[in-house]
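Please keep the sequence and the 3D view open while reading.

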Amino acid sequence: VQLQASGGGLVQAGGSLRLSCVASGRTFSTYAMSWFRQAPGKERELIAAITWTGGSTDYAASVKGRFAISRDNTKNTVYLQMDSLKPEDTAVYYCAASRTNWGTQGQYDYWGQGTLVTVSS
């Protein structure tokens with residue numbers, strides 16, 4: 001599967017953005033999906049995950065209550081709604097797909113190209 005992430009940009013602190021990740025092919029519903037991010041000088045971290053049907057989600061503590069992951073299997077798309085953005089949310093955001101397991105247990109064999117989110121103070 002090929003993943004194409006979009007929706008990043010420059011936003012002021014307190015603002016919102018919605019990221020999208022579109023997958024190619026007809027097997028999207030067989031992949032659990034996650035969003036990761038990597039800030040300058042920091043390791044990549046998993047911030048949001050969703051199961052194959054969208055029935056369960058999980059979030060890193062740093063974004064819980066502010067970000068929401070969702071998916072539309074009819075559109076082969078996973079979303080990340082980001083509200084109440086903070087300067088520390090500045091990072092390159094990646095979507096990733098896992099055939100087996102999900103969340104922190106996922107094996108992410110497929111990655112999008114990343115989209116940059118910059119939050120100004």
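Among contacts between residues at least 6 apart in sequence, 56% join residues at least 24 apart. Contact here means heavy atoms within 4.5 Å. The model is predicted: local features need pLDDT of at least 70, side-chain atom pairs count only at pLDDT 80 or more, and totals for chains, interfaces and linings use all residues. Residues are numbered from 1 along each chain as its sequence is written, and side-chain values use heavy atoms, with hydrogens and water left out.

**Overall fold**

The chain has 0 helices and 11 strands. These are DSSP runs, numbered from the N terminus: helices are H or I with at least four residues, strands are E with at least two. The radius of gyration is 13 Å, close to the 14 Å that the globule rule gives for 121 residues, so the chain is as compact as a globular protein of that length. That radius is taken over C-alpha atoms, and the rule is 2.2 Å times the number of residues to the power 0.38. Along its principal axes, the C-alpha trace spans about 40 × 25 × 25 Å.

Buried residues make up 44% of the 121 residues. Buried means under 20% relative accessible area, exposed over 50%, and partly exposed in between (1.4 Å probe, protein chains only). The chain exposes about 6200 Å², of which carbon and sulfur atoms supply 46%. Areas come from the Shrake-Rupley method with a 1.4 Å probe; for residues, only the protein chains shown count as cover.

Charge comes next. There are 11 positive and 8 negative side chains, and the centres of the two sets lie 5 Å apart. Lys and Arg count as positive, Asp and Glu as negative; His and the chain ends are not counted. Each charge is placed at NZ of Lys, CZ of Arg, CG of Asp or CD of Glu.

**Strand pairing**

Two strands pair if DSSP finds at least two bridges between them.

| Pair | Bridges | Opposite residues |
|---|---|---|
| β1 (residues 3–6) and β3 (residues 17–23) | 4 bridges | Gln4 and Val22 |
| β4 (residues 32–38) and β9 | 7 bridges | Trp35 and Cys95 |
| β9 and β11 (residues 115–120) | 3 bridges | Val92 and Leu116 |

Strand β9 spans residues 91–98 and is mostly covered, with 7 of its 8 residues buried. In a regular strand the side chains alternate between the two faces of the sheet.

**Thr77 and Ser20**

Thr77 sits in strand β8 (residues 77–82). Its relative accessibility is 5%, so Thr77 counts as buried. Not counting residues up to four places away in sequence, Thr77 touches Ser20, Cys21, Val22, Phe28, Ser70, Arg71 and Asp72. Glu43 is 34 residues from Thr77 in sequence and 26 Å away in space, C-alpha to C-alpha.

Ser20 lies in strand β3. At 15% relative accessibility, Ser20 counts as buried. Leaving aside neighbours within four places in sequence, Ser20 is in contact with Gln4, Ala5, Ser6, Trp35, Thr77, Val78 and Tyr79.
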